[in-house]
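Please have the sequence and the model open as you read.

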Amino acid sequence: MRILISNDDGYSAPGLQALVDALHGLGELTVIAPEANHSGASNSLTLSRPLTVRTASNGFLCVNGTPSDCVHIALTGLLDQMPDLVVSGINNGANMGDDTLYSGTVAAAMEGYLFGVPAIAFSLVEKGWSNLDAAAAVARQIVERQVARPLTAPSLLSVNIPNLPLHEIKPPRVTRLGRRHPSSPVIRSANPQGEVIYWIGPSGAAADAAPGTDFHALSEGAVSVTPLQTDLTHHGQLPRLHDWLA
């Protein structure tokens, strides 16, 4: 079993090290991660400059680019063989609902999925790394299941794990993405030169946290497992659009 591991918090993030430690013994592990934090990078690829790959002090490969760059480089030239699984995380914070569109953690996994490799993104819901050991144990259990019983078609899973001791975490639930309210307003400030600068505001609260959503599962202390796809076509609008253009 060849497993490629990446993340968006950077090669030195505690979540990445915890995930690597948890997956030892399940196969041949290759770790390639961004040189710096790229949270919110989504699926961006670096096309305006060359990229470099170096071996960091912890033995991981690191790239001066985005999470998608890392996995793309690995799959298109760095690795001698395609991996059997791409795993991303463990992210410092949730990737639920609309978050998935911005998430570099999900994007790293999605890059593997786009190449036909099964992929799983792991996220710890509350920032700060509390109960990271429990999240790592959950990640191992889910990867063990994929190793023992591979899903029959290439799959992309987003897994969100509550910050709880392992014995308090409820079993995984299959969920759909919920929705968030719009983000808070930008935070306006000034730099030392007096120029106006802006910080992106915090994410909005949950707008759709109904039973069956990722938000609802996490509110009840359960692990949320959401299958994702890359087809953004709004199939329901196709007939109406045909009429509109006729």
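Which residues are buried in helix 4? They are G104, T105, V106, A107, A108, A109, M110, E111, G112 and Y113. Buried means under 20% relative accessible area, with a 1.4 Å probe and protein chains only. Helices are DSSP runs (H or I, at least four residues), strands are E runs of at least two, and both are numbered from the N terminus.

This is a predicted model: local features need pLDDT of at least 70, side-chain atom pairs count only at pLDDT 80 or more, and totals for chains, interfaces and linings use all residues. Residues are numbered from 1 along each chain as its sequence is written, and side-chain values use heavy atoms, without hydrogens and water.

**Helix 4.** Because 10 of its 11 residues are buried, helix 4 (residues 104-114) is largely enclosed by the rest of the structure. Its cover includes helix 2 (67-78) and helix 3 (99-102), along with strands 1, 5, 6 and 7. S103 caps the N-terminal end: a side-chain oxygen lies 3.1 Å from the backbone nitrogen of T105. Just after the helix, G116 has a positive phi of about 85°.

**Helix 5.** The buried residues here are L132, A134, A135, A136, V138, A139, I142, V143 and Q146.

UniProt (unreviewed entry) places "domain: Survival protein SurE-like phosphatase/nucleotidase" at residues 3-182. Over residues 3-182 the chain is 30% helix and 24% strand. The end C-alpha atoms of that stretch are 36 Å apart.

Conventions:
Buried means under 20% relative accessible area, exposed over 50%, partly exposed in between (1.4 Å probe, protein chains only). UniProt positions are given in the numbering used here, feature names are shortened, and annotations may be inferred rather than shown by experiment. Contact means heavy atoms within 4.5 Å. A polar contact is a pair of N or O atoms within 3.5 Å; within protein, one must be able to donate a hydrogen and the other to accept it, and residues adjacent in sequence count only if both atoms are side-chain atoms.
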